[in-house]
Amino acid sequence: MSKQDYMNTSVQEPPLDYSFRSIHVIQDLISEEPRTGLRPLKHSKSGKSLTQSLWLNNNVLNELRDFNQVISKLLEHPENLAWIDLSFNDLTSIDPVLATLFNLSVLYLHGNSIQRLGEVNKLAVLPRLRSLTLHGNPIEEEKGYRQYVLCTLPRITTFDFSGITKADRTTAEVWKRMNIKPKKVRIKQDAV
């Protein structure tokens, strides 16, 4: 990627906004017109968007099949995707494709149907993830919800639209020691 292209790809750009479009499957993005905001989207010579933000909130998505293939048709630099809003959809899990977006710093998943707290583990590989929302999912009702997320994702600074404090980190660490058993290390014993 040229320096000029990278300079043109910015979180400051308006998002590619497909919110409130009744989208059922990711492939629908190709034929659907994005919403227009106050500022026009910038596009590359090939006609792809130069934004780093993708809003898919308030749709009826229940999976993200073909996500990478579709966003590579829409975004000039899909590898720079930094903000994805998938809030208020019908997602029941955190799709592994999200864990491949290493520049992702903001991920909104609130108001979905995510059932298992362990789904959060998939996001631990994202080095730049700083802001995450999960409230309004069934996992929010699980005991230790906030502490589990903070232990699993120690780099986030905002969770469910609240800043993470030192006290939150301390509480999460205490919770972890009381609730998460360390993995046992097996020591090979020499045969006598």
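A search of the whole structure, which is a predicted model, turns up five aromatic pairs. Such a pair is counted when rings of Phe, Tyr or Trp (its six-membered ring) have centres within 6.5 Å, and it is called stacked with planes under 30 degrees apart, edge-to-face over 60 and tilted for the rest. Tyrosine 145 belongs to helix H4 (residues 145-152) and phenylalanine 159 to strand S6 (residues 158-159), so the pair ties together parts that are 14 residues apart in sequence. Tyrosine 145 and phenylalanine 159 are both buried, where buried means under 20% relative accessible area, exposed over 50% and partly exposed in between (1.4 Å probe, protein chains only).

Tyrosine 148 and tryptophan 175 make an edge-to-face pair, with 6.2 Å from centre to centre and 90 degrees between the planes. This pair links distant parts of the chain, since tyrosine 148 sits in helix H4 and tryptophan 175 in helix H5 (residues 166-179), 27 residues apart. Tyrosine 148 and tryptophan 175 are both buried. Elsewhere, ring pairs join Trp55, Trp83, Tyr108 and Phe161 into a cluster.

Residues are numbered from 1 along each chain as its sequence is written, and side-chain values use heavy atoms, with hydrogens and water left out. Local features need pLDDT of at least 70 and side-chain atom pairs count only at pLDDT 80 or more, while totals for chains, interfaces and linings use all residues.

The overall fold comprises five helices and seven strands, which follow the pattern α-β-α-β-α-β-β-β-α-β-β-α along the sequence. Of the 192 residues in the protein, 43% are buried. Among contacts (heavy atoms within 4.5 Å) with a separation of 6 or more, 66% come from residues 24 or more positions apart. The accessible surface, computed by the Shrake-Rupley method with a 1.4 Å probe, comes to about 11,300 Å², and 53% of this surface belongs to carbon and sulfur atoms.

Alanine 99 is buried, with a relative accessible area of 15%. Its C-alpha atom is separated by 5.5 Å from that of leucine 123, 24 residues apart along the chain. Leaving aside residues up to four places away in sequence, alanine 99 touches Lys122, Val125 and Leu126.

On a 1 Å grid over the protein atoms alone, a cavity is a set of points where a 1.4 Å probe fits but cannot get out, a pocket is an open set with protein on both sides within 12 Å along at least five of seven lines, and lining residues have an atom within 4 Å of a point. One cavity of 30 Å³ or more is found, and the largest cavity holds about 50 Å³ of space. Its lining includes Leu123, Leu126 and Thr152. The largest pocket has a volume of about 210 Å³, a volume being the space filled by probe spheres set on the points. Its lining has 14 residues, with Pro15, Arg35, Thr36, Gly37 and Leu41 nearest the centre.

Note on methods. Helix = DSSP H or I, 4+ residues; strand = E, 2+ residues; numbered from the N terminus.
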